[in-house]
Amino acid sequence: MVSSGTIKKRIIQYGADICGVAPAARFVYAPKGFHPCDIYPNCKSVIVFASHFPLSTLQAKTNAPYTLVRNKMVDKLDGISFCVSGELETENIVSVPVPSAEPYDYWDTGRNHGRGILSLKHAGVLAGLGVLGKNTLLINERFGNMIWLGAILVPVDLEPDPIASYEGCISGCTLCMDSCPQHALDGTTIDQKLCRERSISYNHGGGWVLSCNVCRKVCPYHKGLLKKRRKKTSVKA
Ligand code: SF4
Ligand code: SF4
């Protein structure tokens with residue numbers, strides 16, 4: 001039987017930086033319709049992984065490079081899911097890849113609100129990859145909030161990872177909430193309608209650009225908790 005360590009090693013070899021395992025039983029607070037077993041009824045374990053997002057993109061005066069890298073990150077994480085789930089299937093293990101971003105089924109036109117088939121940020125918390133900040137981004141100890149996530153669902157009881165025990169947000173910090181030009185953050189959730197009005201722009205010639213990432217960028221922990229705590233910054237952003 002395949003082990004947690006073997007699958008993680010394979011995922012890291014494909015280019016992920018971190019990987020954790022959450023038992024499906026941990027998803028007790030998942031909204032109805034968005035539990036791993038709502039996607040794949042025999043799911044026993046959710047394998048969650050992430051790659052770090054290059055910090056240099058935050059130094060550009062335009063968000064086009066950030067958008068390019070975001071799109072490449074989606075391709076990369078989906079590619080890892082595609083390859084690893086395909087390999088597991090050849091070993092007779094059903095393996096359901098979760099899209100890193102789109103496509104997804106749920107869309108509320110009135111609220112301009114979408115929802116992935118599984119919340120990868122919450123899955124990341126349950127797999128021990130980090131904690132949620134008030135900007136609603138996952139903060140990993142090593143890479144901060146500059147990560148992009150993917151996941152695979154399997155019908156196997158893999159050894160789970162412990163949930164992270166470190167603190168995410170700095171005590172009393174509200175920098176991301178105060179800096180949001182749309183006042184879309186309340187410390188727990190994000191008003192997607194308000195955020196989308198500002199964070200996605202489109203023109204017929206140039207395509208779409210993620211035109212706001214302030215809540216990610218202003219966070220003192222966007223480079224990782226460890227780097228901030230050690231006051232080491234080899235790359236300024
Ligand atoms: S991306 Fe911009 S508009 Fe959206 S929540 Fe973050 S700071 Fe606010
Ligand atoms: S800016 Fe402050 S409040 Fe917002 S996520 Fe970062 S540490 Fe938390």
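## A first look at this predicted model

Strand β1 is mostly covered, with six of its six residues buried. Keep in mind as you explore that this is a predicted model. Strand β8, which spans residues 147-154, is mostly covered too: eight of its eight residues are buried.

**The covered strands**

- In β1, Ile-18, Gly-20 and Ala-22 point one way, while Cys-19, Val-21 and Pro-23 point the other way, and all are buried.

**How the strands pair**

- Strands β1 and β2 are antiparallel partners, paired over six bridges.
- To find this pairing on screen, look for Ile-18, whose bridge partner in β2 is Ala-50.
- Strand β2 (residues 45-52) is also joined to β8 by eight bridges, and these two strands run antiparallel.
- Here a handy landmark is Ile-47, which stands opposite Ile-152 in β8.
- Strand β8 has a further antiparallel partner in β3 (residues 96-98), with three bridges between them.
- In that pairing, Val-96 stands opposite Leu-153 of β8.

**Aromatic rings that meet**

- How many aromatic pairs are there? The count comes to three.
- One of them joins Phe-34 and Tyr-106 in an edge-to-face arrangement, with 5.9 Å from centre to centre and 80 degrees between the planes.
- Phe-34 sits in the loop between β1 and α2 (36-39) and Tyr-106 in strand β4 (residues 106-108), so this pair ties together parts that are 72 residues apart in sequence.
- Phe-34 counts as buried because its relative accessibility is 13%, and buried means under 20%.
- Tyr-106, at 29% relative accessibility, counts as partly exposed.
- Another pair brings together Phe-53 and Trp-148: their ring centres are 6.4 Å apart and their planes meet at 55 degrees, so the pair is tilted.
- Why does this pair tie together parts that are 95 residues apart in sequence? The reason is that Phe-53 lies in the loop between β2 and α3 (64-90), whereas Trp-148 lies in strand β8.
- Phe-53 is buried at 1% relative accessibility, and Trp-148 is buried at 15%.
- Phe-53 and Trp-148 also belong to one aromatic cluster together with Tyr-66.

**Around the ligands**

- Which residues surround ligand 2? They are Gly-133, Lys-134, Asn-135, Cys-169, Ile-170, Cys-173, Leu-175, Cys-176, Cys-219 and Pro-220.
- Sorted by class, the shell around ligand 2 has seven nonpolar, two polar and one charged residues.
- The space that ligand 2 takes up is the largest cavity.
- Around ligand 1 you will find Cys-180, Pro-181, Gln-182, Ile-190, Cys-195, Cys-212, Val-214 and Cys-215.
- The shell around ligand 1 has seven nonpolar, one polar and no charged residues.

**Backbone details to look for**

- Most residues other than glycine have a negative phi, and most peptide bonds are trans.
- The peptide bond from Glu-102 to Pro-103 is cis, with omega near 0 degrees.
- Pro-103 belongs to the loop between β3 and β4.
- Asn-112 has a positive phi, near 50 degrees.
- You can find Asn-112 in the loop between β4 and β5 (113-115), where Asn-112 is partly exposed with a relative accessible area of 25%.
- His-183 also has a positive phi near 50 degrees.
- His-183 lies in the loop between α5 and α6 (192-199), and its relative accessible area of 62% makes His-183 exposed.

**One exposed loop residue**

- Is Ser-165 buried or exposed? With a relative accessible area of 75%, Ser-165 is exposed.
- Ser-165 lies in the loop between β8 and α5 (175-179).
- Ser-165 and Thr-6 are 159 residues apart in sequence, and their C-alpha atoms are 25 Å apart in space.

Methods: Residues numbered from 1 in each chain as written. Chains lettered and ligands numbered in written order. Predicted model: local features only at pLDDT ≥ 70, side-chain atom pairs only at ≥ 80, totals over all residues. Heavy atoms only, no water. Near = heavy atom within 4 Å. 1 Å grid on protein atoms, 1.4 Å probe; cavity = no way out; pocket = protein on both sides within 12 Å on 5 of 7 lines; lining within 4 Å. Sits in = over half its atoms within 2 Å of the grid points. Nonpolar A, V, L, I, M, F, W, Y, C, P; charged D, E, K, R; others polar. Buried < 20%, exposed > 50% of the residue type's maximum accessible area, 1.4 Å probe, protein only. Helix = DSSP H or I, 4+ residues; strand = E, 2+ residues; numbered from the N terminus. Pairing = 2+ DSSP bridges. Phe/Tyr/Trp six-rings, centres within 6.5 Å; stacked < 30°, edge-to-face > 60°.
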